[in-house]
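Please look over the sequence and the model shown here.

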Amino acid sequence: MDTALLLNVEGIKKTILHGGTGDLPNFITGSRVTFHFRTTKCDEERTVIDDSKQVGQPMHIIIGNMFKLEVWEILLTSMRVGEVAEFWCDTIHTGVYPILSRSLRQMAEGKDPTEWHVHTCGLANMFAYHTLGYEDLDELQKEPQPLTFVIELLQVEAPSEYQRETWNLSNVEKMQAVPILHGEGNRLFKLGRFEEASTKYQEAIVCLRNLQTKEKPWEVQWLKLEKMINTLILNYCQCLLKKEEYYEVLEHTSDILRHHPGMVKAYYVRARAHAEVWNEAEAKADLQKVLELEPSMQKAVRRELQVLENRMEEKREEERLRCRNMLR
């Protein structure tokens with residue numbers, strides 16, 4: 001065994017259990033690192049807290065992405081592919097581990113960890129809740145202690161070598177991704193692949209929402225992002241109309257109009273949804289609003305009013321038939 005104190009990092013000791021191969025990988029920002037890990041206490045029994053091999057799935061982190069347990073990035077970037085090493089980490093590095101562990105366990109159990117705000121600051125969560133839902137983690141939270149991590153480095157991929165999820169992108173990359181996702185959504189919509197198109201629009205919305213949280217509400221940049229978001233939401237609503245999910249369309253469009261009452265397309269899309277669920281008065285009111293705000297849409301409004309009239313006549317005919325059948 002080769003034991004060494006990691007230089008310039010207080011409170012970490014590394015023991016190489018199995019040497020890796022090749023040179024030290026190039027851990028550039030955005031690289032995806034895949035590894036197995038086992039976390040144990042430093043007691044005589046070496047009590048196991050978590051073990052990714054028992055779960056049956058390795059762990060991934062993105063370099064430079066402010067991972068919740070920052071020390072893992074330090075540990076991993078000291079390793080070669082195929083290497084297995086044991087790291088003793090003092091309490092200064094392990095205080096938020098119970099928060100991370102809870103998130104990982106929730107995901108392994110098929111639950112949504114975001115229901116517990118795992119993407120917010122770990123320390124804030126630690127003080128905001130009395131229990132993590134796991135007795136051993138509650139104990140660690142109350143009495144932080146040194147931990148040992150046995151890590152096996154499996155793979156290091158450059159940003160260009162894997163499909164990056166939108167939450168993994170930098171702010172610049174998110175902004176660059178939006179028009180690409182928007183365009184791909186439009187292409188899929190034209191092909192009639194509405195489920196796939198809606199996913200692309202949703203991904204673009206997530207990128208913009210994330211960027212918007214970094215801006216001051218109602219100031220110029222925030223409003224610019226808001227306009228882009230609303231355009232994408234309305235495109236998403238067009239997909240929902242095709243999938244006959246009309247009430248969700250009503251919810252999204254009404255939310256937009258509460259904040260932006262002058263948005264013509266939102267009235268138009270909402271009118272179509274109202275028409276599909278027999279809300280005749282509401283559909284007509286929205287179409288009238290479209291005409292007030294954009295008189296040039298008269299032809300489109302006339303067409304939608306005819307569609308509405310046809311639908312209402314079909315409904316009236318169905319009701320007449322139902323009444324006749326009941327009388328018989």
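## Contacts and overall make-up

Two residues are in contact when they have heavy atoms within 4.5 Å of each other. Among contacts in the protein between residues at least 6 apart in sequence, 67% join residues at least 24 apart. The model is predicted, and local features need pLDDT of at least 70, side-chain atom pairs count only at pLDDT 80 or more, and totals for chains, interfaces and linings use all residues. Residues are numbered from 1 along each chain as its sequence is written, and side-chain values use heavy atoms, with hydrogens and water left out.

The protein has 13 helices and 7 strands. Both are DSSP runs numbered from the N terminus: helices are H or I with at least four residues, and strands are E with at least two. Of the 328 residues, 42% are buried. Buried means under 20% relative accessible area, exposed means over 50%, and partly exposed lies in between (1.4 Å probe, protein chains only).

## Helices α11 and α12

Helix α11 covers residues 264-276 and helix α12 covers residues 280-293; their axes come within 8 Å and cross at roughly 160°. That crossing makes α11 roughly antiparallel to α12. Angles under 35 degrees count as roughly parallel, over 145 as roughly antiparallel, 65 to 115 as roughly perpendicular, and the rest as oblique. The axes are lines fitted to C-alpha atoms, for helices over the stretch in contact, and the angles run from 0 to 180 degrees between N-to-C directions.

The crossing of α11 and α12 is left-handed. A crossing has this hand if the near helix is turned anticlockwise from the far one by less than a right angle, and is right-handed if clockwise. Residues from α11 that make the contact include Val264, Tyr267 and His274, and those from α12 include Glu282, Leu287 and Leu293. The residues of this contact divide into 9 nonpolar, 1 polar and 4 charged. Here Ala, Val, Leu, Ile, Met, Phe, Trp, Tyr, Cys and Pro count as nonpolar, Asp, Glu, Lys and Arg as charged, and the others, Gly among them, as polar.

Leu291 also lies in α12. Is Leu291 buried or partly exposed? Its relative accessible area is 26%, so Leu291 is partly exposed. Apart from neighbours within four places in sequence, Leu291 is in contact with Met297, Gln298 and Val301.

## Helices α4 and α6

Helix α4 (residues 97-108) packs with helix α6 (residues 135-142) at an angle of about 160°, and their axes are 9 Å apart. α4 is therefore roughly antiparallel to α6. The crossing of this pair is left-handed. Pro98, Ile99, Ser101, Arg102 and Arg105 of α4 meet Asp136, Leu137, Leu140 and Gln141 of α6. These contact residues divide into 4 nonpolar, 2 polar and 3 charged.

## Two residues of strand β7

Thr148 is in strand β7, which runs over residues 147-157. With a relative accessible area of 5%, Thr148 is buried. Leaving aside neighbours within four places in sequence, the contacts of Thr148 include Arg38, Cys42, Arg46 and Trp88.

Leu154 is also placed in strand β7. Its relative accessibility is 34%, so Leu154 counts as partly exposed. Val81 is 73 residues away along the chain from Leu154, yet their C-alpha atoms are separated by 5.7 Å. Leu154 touches Thr34, Phe35, His36, Pro58 and Val81, not counting residues up to four places away.

## Residues in loops

Most residues other than glycine have a negative phi. Arg46 has a positive phi, near 50°. Arg46 is in the loop between β3 (32-41) and β4 (48-51), and is partly exposed at 35% relative accessible area. Glu244 also has a positive phi, near 65°. The loop between α9 (220-242) and α10 (246-259) holds Glu244, which is exposed at 58%.
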